[in-house]
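Thanks for coming. I will go through one structure today, part by part, and then stop.

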Amino acid sequence: MREDTVQELQLELEVPAQMEEREREVEEEERGEEEMEQPPCTLTESGPQGLIQGKDLFGYVGIEAVLDQMRRKTMKAGFEFNIMVVGQSGLGKSTLVNTLFKSKVSRKSCTPNYEEKISKTVHLQSVSHVIEEKGVKMKLTVIDTPGFGDQINNENCWEPIVSYVNEQYEKYLREELHVNRKRRIPDSRVHCCIYFLPATGHRLRPIDVEFMKRLGKIVSIVPVIAKADTLTMEERQDFKQRIRQDLQVNGIRVYPQREYDEDTEDRILNDKIRESIPFAVVGTDKEHQVNGNKVLGRKTKWGIIEVENVAHCEFANLRDLLIRSHLQDLKDVTHNIHYETYRVRRLNESNANGMALSPLSLENGTLDKSETDSHL
Ligand SMILES: Nc1nc2c(ncn2[C@@H]2O[C@H](COP(=O)(O)OP(=O)(O)OP(=O)(O)O)[C@@H](O)[C@H]2O)c(=O)[nH]1
Ligand SMILES: [Mg+2]
């Protein structure tokens, strides 16, 4: 190659490189000028608290604003919360479901049929209401279950309930495993199971021990004493104490579990709840006038038992735990502990069988065939 041609080529290569270099310098100069133009005390928004000024600005990134972002997203999307009621027949499960929907949790936003008479529950059924408060939407679903204890033989009476809980995990898992999965997987998993204990005033019955032992391994259980109006205050306290002992002796896991407390603050708050479990509740679907106010209550010969009055029963404490203080934690425990345990077990099973995801076996829960097929 001729020498002048080589020089031309070098020139061609150098020119773009030099141009880029110059452009970079100009950009830097411009940026510098812009920065110079900024007054040293620029006002910056810092979320709901107001403005950050002057020297406070140094090192301020705005991380706290993520809370506002999360709030806005949650408000737009809303969220789902699913509760299940379980226990012997006739303990007031369906009545408590109505009490929950008619109580302050939803009085403004939904009007269930007040005249409808509560009859014996024969099928597992779910009732949902979208509740809105200060722009936050929640779809609250309560799964009402038929009570056990009617049959002569109550052996394995927990099976339909255990199956239902597992089926919801299975549905979620299959949705998660889809190649083109939904951005938001519909969540029908049971976030909390309210377990009804009869107000016998004695100890836990063997059937409740067996039932709760199994259930506590797969879902968060909150035990309650049903129809607490049938016990005196003293009987209530003694009974609660005995039940707490029995739960511990039998290794029954109830919510909130000590091992999932995240810090000392959690521990202090949850210890209080653990000391007051099981909540002694009273349910009703009737309203009465008390001092000119409409209250939910049970009218007796001796007066009205006000369901939402904490001096009368612990329904409000139960509702506060479920909705006001522990809703997100119940959802987190469901997802991170119960669902995770299920997911790991199912995927391990599938790996062992060499299948994509084997159909759910009867002992884990029952999926109907069409559903199983459609996802495979
Ligand atoms: N004393 C008293 N009675 C109640 C209470 N809650 C419900 N009852 C009554 O108990 C009866 C049974 O109530 P349900 O709500 O149908 O009971 P359940 O547990 O759903 O019954 P199944 O559907 O058969 O499992 C009804 O007559 C209710 O009015 C309560 O807190 N105290
Ligand atoms: Mg019922």
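Where is the place of Lys-227? Lys-227 sits in the loop between S7 and H6. Before I say more about that residue, please note that this is a predicted model.

Lys-227 is not a glycine, yet its phi is positive, about 50 degrees. Buried or exposed, then, for Lys-227? Lys-227 has 20 other C-beta atoms within 10 Å, and the cut-off for a buried residue is 20 or more, so Lys-227 counts as buried.

Asn-291 also has a positive phi of about 50 degrees, and it is not a glycine either. Asn-291 is in the loop between strand S9, residues 287-290, and strand S10, residues 293-300. Asn-291 has 5 other C-beta atoms within 10 Å; exposed means 12 or fewer, so Asn-291 is exposed.

Now the sheet. An open sheet is built from 6 strands, in the order S4-S5-S3-S6-S7-S8, with mixed pairing. Strand S4 (125-133) and strand S8 (279-280) are at the edges, and each has a single partner strand, so one side of each has no neighbour in the sheet.

Let me take strand S3, residues 79-87. Of its 9 residues, 7 are buried, so to speak mostly covered.

Towards the end of the strand order, strand S7, residues 221-225, and S8 run parallel and are joined by 2 bridges. Val-224 has Phe-279 of S8 as its bridge partner.

Next, the core. Which residues have the most contacts inside the largest nonpolar core? They are Cys-193, Val-224 and Val-281, in a core of 58 residues. S6 gives the largest share of this core, 6 residues. If we leave aside neighbours within four places in sequence, Cys-193 is in contact with Met-84, Val-86, Leu-215, Val-219, Ser-220 and Ile-221.

Helix H2, residues 65-77, is another matter. The number of buried residues among its 13 is 0, so H2 lies largely in the open. From first C-alpha to last, H2 reaches 19 Å, close to the 18 Å expected at 1.5 Å a residue. After H2 comes Gly-78, with a positive phi near 70 degrees.

There are cis peptide bonds to mention as well. One joins Tyr-255 and Pro-256, with omega about -5 degrees. Pro-256 lies in the loop between helix H6 (233-249) and helix H7 (264-276). A cis peptide bond also joins Ile-277 and Pro-278, with omega about 0 degrees. Pro-278 is in the loop between H7 and S8.

Last, the ligand. How many residues are around ligand 1? There are 18, and Gly-92, Ser-94, Thr-95, Thr-121 and Gly-147 come nearest. Helix H3, residues 93-102, supplies the largest share of this shell, 3 residues. By type, the shell around ligand 1 divides into 4 nonpolar, 9 polar and 5 charged residues.

That is the end of my part.

Methods: Residues numbered from 1 in each chain as written. Chains lettered and ligands numbered in written order. Predicted model: local features only at pLDDT ≥ 70, side-chain atom pairs only at ≥ 80, totals over all residues. Near = placed C-beta within 6 Å. Helix = DSSP H or I, 4+ residues; strand = E, 2+ residues; numbered from the N terminus. Nonpolar A, V, L, I, M, F, W, Y, C, P; charged D, E, K, R; others polar. Pairing = 2+ DSSP bridges. Expected span 1.5 Å × (residues − 1). Core = buried A, V, L, I, M, F, W, Y, C linked by C-beta atoms within 7 Å. Contact = placed C-beta atoms within 7 Å.
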